[in-house]
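Welcome! Open the model in your viewer, keep the selection tool at hand, and follow along stop by stop.

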Amino acid sequence: MKILWLCMMWLMLLRLGGQSINWESPLVTLSKDCRVNEKQLTLSNGCTVKFGSDELRKSKAFCMVISGTGKFRCSGMLDEDVPFELQADGNMMTLNTPGGAVRAPVYNWNLRDWRLVHIQIGKDRKPELYLDGIAALTGPPTAEKPVVGDFQLAASGRINIREMIFDQETTPTEDQGKRFRSMVLKVHLIENPFMVIPEFTPPAGADLLNPESWRDAAMVSDFIIHGNGLKIPQQARVWVGADAGKFYLLYCTQLVAPLIGSKRDRDILSGGDEIEFFFAPVYNEEFAYFQFIGNPWESIYDACRGDSGWNGDWTYRCRVDGENWNAVIILNDFKELNAPTPLPGACWKLNFCRNWRAGQGIFPATEFSNTVRPYANINKFANVIFGGNTLPFVRSNSICMVDRQKSTVSAEFELVNPTSANVELQVKYEYFKSGDYRPDGVVSRKVDIPAKSRKSISLDLPLNGELAGAVGLSVQKTDDNSLIYKQSLKFDERNHAK
């Protein structure tokens with residue numbers, strides 16, 4: 001591995017008022033040619049860093065891991081002769097180079113949220129900006145030369161920049177970004193899920209509330225406790241699909257106690273059992289997220305960024321039987337969303353939630369993506385891509401089924417290929433012991449899915465007597481390594497269902 005530059009630093013928390021930056025880190029030693037003062041570090045050609053971990057040497061151009069709510073400004077050279085300036089102010093990040101500018105919102109960025117920021121010059125000489133491995137601009141993640149020249153950083157406010165890297169190797173993928181941040185924080189990260197939403201025609205009549213009639217929609221499961229990422233024993237499943245004009249959701253949740261709530265007027269929260277749907281078009285510069293809440297009595301609440309004066313065009317239907325509460329949400333028109341109708345390839349961020357109020361309040365709020373807090377933390381929503389009929393997708397029964405007698409954890413899911421061509425998918429399932437960022441068990445296989453067909457997959461990993469930990473599932477296309485599905489969560493002895 002050829003390394004031209006590998007520079008890393010740890011900046012302690014800054015506060016308004018201009019306190020000095022602490023440049024010390026037990027992992028990093030700056031050479032005497034590195035120029036520092038209270039608020040700025042300059043990495044020049046003579047500045048070297050002694051750093052011993054090969055696991056971080058997997059990025060190109062310039063990367064850093066950042067948290068905070070203040071401002072920072074970085075400037076330097078990319079590709080020998082291309083100056084760049086990266087600025088973050090509030091919820092907007094801007095990258096400027098002679099080849100153009102890139103703007104990317106980071107929404108509710110706070111001290112609990114760490115972002116992996118990566119910048120480079122693409123093969124068309126235009127700037128490319130990635131947040132957590134997701135491109136702010138479309139195009140292939142390629143670069144020609146590593147970073148050289150001087151680099152300067154200045155920061156103020158509540159900013160914490162943990163690491164910076166200069167390297168000659170390949171552009172970091174989301175998976176490499178995960179390993180990088182996991183090693184920095186010394187803990188397995190519960191990542192934002194990723195899924196493909198297929199083109200879907202909903203069933204008619206009574207079948208609209210029948211899960212068996214939604215077999216051509218994507219499906220997710222394994223809801224987790226809001227705030228800690230731990231799978232909850234009582235569960236919900238959500239089926240998801242879209243067509244050229246509408247967005248379709250079917251929720252199916254277990255009944256573990258009599259439902260609490262009542263019929264309410266629109267936009268009056270019930271305080272009882274509820275389902276929620278949060279969504280936001282990616283890179284909406286007004287930072288608008290939209291929210292829908294429904295209860296078993298077909299009462300609804302909807303809002304834009306918490307403003308219930310916004311009303312969408314919804315269809316909402318429910319059915320409650322002895323074991324389940326099923327609910328259908330249909331977004332009938334995209335015109336109220338300040339975003340274009342999502343065509344194949346469009347990206348959104350979303351989250352599915354189930355608020356359990358039955359049983360004298362003993363059950364918590366749960367969600368698909370671990371938003372940490374608050375529910376409306378857009379940075380922690382799941383990332384989705386509208387696939388139309390052009391991408392395979394996943395229907396997940398569960399990625400975390402624990403068998404205590406066998407001391408195993410299992411994943412069961414279906415891979416669906418709606419396209420007219422055969423596809424090959426790479427599936428990886430990982431188990432992490434509690435408190436460890438390195439996987440203790442991994443199973444990986446390639447799966448061929450013929451055109452217009454589907455395959456059921458079951459994977460097992462040994463727990464070796466452990467009662468808790470974390471699991472993660474990822475599915476990628478092998479021809480271009482594009483992500484199809486990703487989900488991870490924590491579990492403990494409460495999830496030992498067998």
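**Before you start.** This is a predicted model, in which local features need pLDDT of at least 70 and side-chain atom pairs count only at pLDDT 80 or more, while totals for chains, interfaces and linings use all residues. Residues are numbered from 1 along each chain as its sequence is written, and side-chain values use heavy atoms, with hydrogens and water left out.

**The whole chain.** Show the cartoon: you will find one helix and 34 strands. Both are DSSP runs numbered from the N terminus, helices being H or I of at least four residues and strands E of at least two. Of the 498 residues, 56% are buried (under 20% relative accessible area; exposed is over 50% and partly exposed is in between, with a 1.4 Å probe and protein chains only).

**A hairpin.** Select residues 314-320, strand 23, and residues 324-331, strand 24; they pair in the antiparallel sense over seven bridges (pairing takes at least two DSSP bridges). Three residues lie between the two strands of this hairpin. Pick R319 and look across to N326 in strand 24, which stands opposite.

**A loop.** Next, select D307, in the loop between strand 22 (300-304) and strand 23. Is D307 buried or partly exposed? D307 is partly exposed, with a relative accessible area of 47%.

**The largest nonpolar core.** Select F247, F277, F352 and L415, which have the most contacts inside the largest nonpolar core, a set of 71 residues. Such a core consists of buried Ala, Val, Leu, Ile, Met, Phe, Trp, Tyr and Cys residues joined through side-chain atoms within 4.5 Å. Zoom in on F247: beyond its neighbours within four places in sequence, its contacts include I197, F277, I330, W348 and F386 (contact means heavy atoms within 4.5 Å). A second, separate core has 14 residues, among them A88, M93, L95 and L131.

**A cavity.** Finally, select I268, E274, N295 and Y301, which are among the residues lining the second largest cavity. Here a cavity is a set of points, on a 1 Å grid over the protein atoms alone, where a 1.4 Å probe fits but cannot get out; lining residues have an atom within 4 Å of a point. Strand 21 (290-294) and strand 22 each supply at least two lining residues.

Key: 1 Å grid on protein atoms, 1.4 Å probe; cavity = no way out; pocket = protein on both sides within 12 Å on 5 of 7 lines; lining within 4 Å.
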